[in-house]
Amino acid sequence: QVQLVESGGGLVQAGGSLRLSCAASGHILRTYAMGWFRQAPGKERELVVAISRSASITYYADSVKGRFTHSRDNTKSTVYLEMNSLKPEDTAVYYCAAAVTPYNRVYYRSPGAYEHWGQGTQVTVSS
């Protein structure tokens, strides 16, 4: 059974940084494409970054490009989202997700492509 557990959220001032973690069960990091999404109150869930199964190809939303960075540690079965220069509009619940895929170099931008989701972690950026 695939399990994803996010952590690292919190309250930070604008301009600050946070690092989110997503601990994954089993060996899914090597067999699933991954993604980070976020959802603010009253808004639809939106993609933050999509990562191919091989982690060789990534897609960042324009709103976070240059500020957020994805990484992963296969030995710890954990993926990370480093968030710098945070803005109040980054306030949301952040989710990591995993998508079954036979392809090494394909990422998925739609939430519907992901079968497995973590419980989410709240990020609040104060102005």
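Me: Is T124 buried, exposed or partly exposed?

Reply: T124 counts as partly exposed, because its relative accessibility is 28%. One thing to keep in mind as we go: this is a predicted model.

Me: Okay, and where is T124 found?

Reply: T124 is in strand 11, which covers residues 121–126.

Me: Which residues is T124 in contact with, leaving aside its neighbours within four places in sequence?

Reply: T124 is in contact with G10, L11, V12 and T91. There is also a polar contact of 3.3 Å between the side chains of T124 and Q122.

Me: What separates the C-alpha atoms of T124 and H70?

Reply: Those two C-alpha atoms are 19 Å apart, and the residues are 54 apart along the chain.

Me: Let's switch to R38. Where is its place, and is it buried or exposed?

Reply: R38 belongs to strand 4, residues 32–39. R38 is buried, because its relative accessible area is 6% and the cut-off for buried is under 20%.

Me: Which side chains does the side chain of R38 make polar contacts with?

Reply: One is the side chain of E46, at 2.6 Å. Another is the side chain of Y94, where the polar contact is 2.9 Å.

Me: What else does R38 touch, not counting residues up to four places away in sequence?

Reply: The list includes E44, R45, V48, S63, V64 and F68. Also among the residues R38 touches are E89, D90, A92 and V93.

Me: How many residues lie between strand 7 and strand 8 in the hairpin?

Reply: There are 4 residues between them. S77 sits in that turn and has a positive phi of about 50°, even though S77 is a residue other than glycine.

Me: Is S77 buried or exposed?

Reply: S77 is buried, since its relative accessible area is 16%.

Me: Which loop holds A55, and what is its phi?

Reply: A55 lies in the loop between strand 5 (46–51) and strand 6 (58–60). Its phi is positive, about 65°, although A55 is not a glycine. A55 counts as partly exposed, because its relative accessibility is 30%.

Me: New topic: rings. How many aromatic pairs are there?

Reply: The count comes to 5 aromatic pairs. One of them is F37 with W117, a tilted pair with 5.0 Å centre to centre and 55° between the planes.

Me: Why does that pair tie together parts that are apart in sequence?

Reply: F37 lies in strand 4 and W117 lies in strand 10 (residues 116–117), so the pair joins parts that are 80 residues apart in sequence.

Me: Are F37 and W117 buried or partly exposed?

Reply: F37 is buried, with a relative accessible area of 0%. W117 counts as partly exposed, at 26% relative accessibility.

Me: Which residues do ring pairs link into a cluster?

Reply: The cluster is made of F37, Y95, Y114 and W117.

Me: Where does the charged end of R45 sit?

Reply: The charged end of R45 sits over the ring of Y95, 3.9 Å from its centre. The charged end of R45 also sits over the ring of W117, there 4.6 Å from the centre.

Me: Nice, that links back to where we were earlier. Thanks!

How values were computed: Residues are numbered from 1 along each chain as its sequence is written. This is a predicted model: local features need pLDDT of at least 70, side-chain atom pairs count only at pLDDT 80 or more; totals for chains, interfaces and linings use all residues. Side-chain values use heavy atoms; hydrogens and water are left out. Helices (H or I, at least four residues) and strands (E, at least two) are DSSP runs, numbered from the N terminus. Buried means under 20% relative accessible area, exposed over 50%, partly exposed in between (1.4 Å probe, protein chains only). A polar contact is a pair of N or O atoms within 3.5 Å; within protein, one must be able to donate a hydrogen and the other to accept it, and residues adjacent in sequence count only if both atoms are side-chain atoms. Contact means heavy atoms within 4.5 Å. Two strands pair if DSSP finds at least two bridges between them. Rings of Phe, Tyr and Trp (its six-membered ring) pair if their centres lie within 6.5 Å; planes under 30 degrees apart count as stacked, over 60 as edge-to-face and the rest as tilted. A charge sits over a ring if NZ of Lys or CZ of Arg is within 6 Å of the ring centre and within 35 degrees of the ring normal.
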